[in-house]
Amino acid sequence: MTDAELAAYYAFMAGQVLIKTRESGKFEGKALGKAGDATANTFLCRALRAARPNDGLLSEEEKDDTARLSMSRVWIIDPVDGTREYGENRSDWAVHVGLAIDGVATVGAVALPGLGGGVVMRTDQVSELPPAAHKPRFLVSRTRPAKEAVAVAEALGGELVGMGSAGAKAMAVVRGEAEIYLHSGGQYEWDSCAPVAVARAHGLHCSRIDGSPLVYNQADTYLPDLLICRPEWAERVLKEVAALS
């Protein structure tokens, strides 16, 4: 099984575990989120370590093993991206399984179990981007829209679209449901590794909001900002962000 096939299969299976955990009725709210995180993390970490024993692993839900820093290949996972949305029985959450090679988000899969039908966006199955809307749609947090995103959307005559997890937002751009995902204010490597790998494979622009590269498998896993957008919007968005500083 290739790395991409492995990522997609495990992301899908973790998603099914999460759906079953939610449908069991044994948990609700924050307790459901905690149970989902723990269950999916156990499955993914055990499966990846068994399948790729020589690779490093970084998970949001496990203590960091810094041995990964000396490794070229490191799996970076978020068992439930959007724990709050998952616990609230919403659909805008995701499972991230990404592989960084020499610091670059190279292979990955993002499962969107809440959408039903086993939706998994992956780096080895690439479709053409749907037509863009004339008026750019900016994906932002439902509760805390990034000030840069609000300002740039206003400057470009764009529309704000609230959505849950980072993976759900990034895949909404891949799926043609929006043109721009501009985030600032705090994220970690597991929030963006798999989404960035998938977005790049589909031809989207991916960078920090100052235009610099996204670098993974760092000692400090904090990676606070992110721009994923259609390539035709990248230059204008980065110019507007620069003008804000």
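# Contacts, burial and packing

Tutor: In this predicted model, Thr221 is in contact with Leu58, Asp64, Arg68, Tyr188, Glu189 and Trp190, leaving aside its neighbours within four places in sequence. Thr221 belongs to the loop between strand E9 (205–207) and E10.

Student: Why does Thr221 count as buried?

Tutor: Its relative accessibility is 11%. The cut-off for a buried residue is under 20%, so Thr221 counts as buried.

Student: How do you know whether Lys63 is buried or exposed?

Tutor: Lys63 has a relative accessible area of 81%. A residue is exposed when that value is over 50%, and Lys63 is therefore exposed. Lys63 is found in the loop between strand E1 (56–59) and E2. Its C-alpha atom is separated by 18 Å from that of Thr83, 20 residues apart along the chain.

Student: What makes H5 a mostly covered helix?

Tutor: Nine of the nine residues of H5 are buried. They are Ala166, Gly167, Ala168, Lys169, Ala170, Met171, Ala172, Val173 and Val174. Each of these residues therefore has a relative accessible area under 20%. After H5 comes Gly176, with a positive phi near 80°.

Student: Which residues touch the most other members of the largest nonpolar core?

Tutor: That core has 36 residues, and those touching the most other members are Ile76, Met171, Tyr181, Val196, Tyr216 and Ile228. Two or more residues are given to this core by each of strand E2 (73–81), strand E3 (94–101), strand E4 (104–111), helix H5 (166–174), helix H6 (189–201) and strand E10 (226–229).

Student: How do you know which domains supply this core?

Tutor: At least three of its residues come from each of domain 1 (3–122) and domain 2 (137–243). A second, separate core of 28 residues includes Ala11, Leu32, Leu57 and Ala109.

Student: What does Tyr216 touch, not counting residues up to four places away in sequence?

Tutor: Tyr216 touches Ile76, Ala100, Gly103, Ala105, Glu189, Ser192, Cys193, Val196 and Leu223.

Student: How many residues of domain 1 and domain 2 are in contact?

Tutor: In domain 1, 38 residues are in contact with 29 residues of domain 2. The centres of the two domains, taken over C-alpha atoms, are separated by 20 Å.

Student: Why are H1 and H2 called roughly antiparallel?

Tutor: The axes of helix H1 (residues 3–23) and helix H2 (residues 29–51) cross at roughly 150° and come within 9 Å. Angles over 145 degrees count as roughly antiparallel, and H1 and H2 therefore receive that description. Their crossing is right-handed. Among the residues that meet are Leu6, Tyr10 and Met13 in H1, and Leu32, Ala35 and Gly36 in H2.

Terms used:
Residues numbered from 1 in each chain as written. Predicted model: local features only at pLDDT ≥ 70, side-chain atom pairs only at ≥ 80, totals over all residues. Heavy atoms only, no water. Core = buried A, V, L, I, M, F, W, Y, C linked by side-chain atoms within 4.5 Å. Buried < 20%, exposed > 50% of the residue type's maximum accessible area, 1.4 Å probe, protein only. Helix = DSSP H or I, 4+ residues; strand = E, 2+ residues; numbered from the N terminus. Domains from an automatic or database assignment. Contact = heavy atoms within 4.5 Å. Axes fitted to C-alpha atoms, helices over the stretch in contact; angles between N-to-C directions. Parallel < 35°, antiparallel > 145°, perpendicular 65-115°, else oblique. Left-handed = near helix turned anticlockwise from the far one by under 90°.
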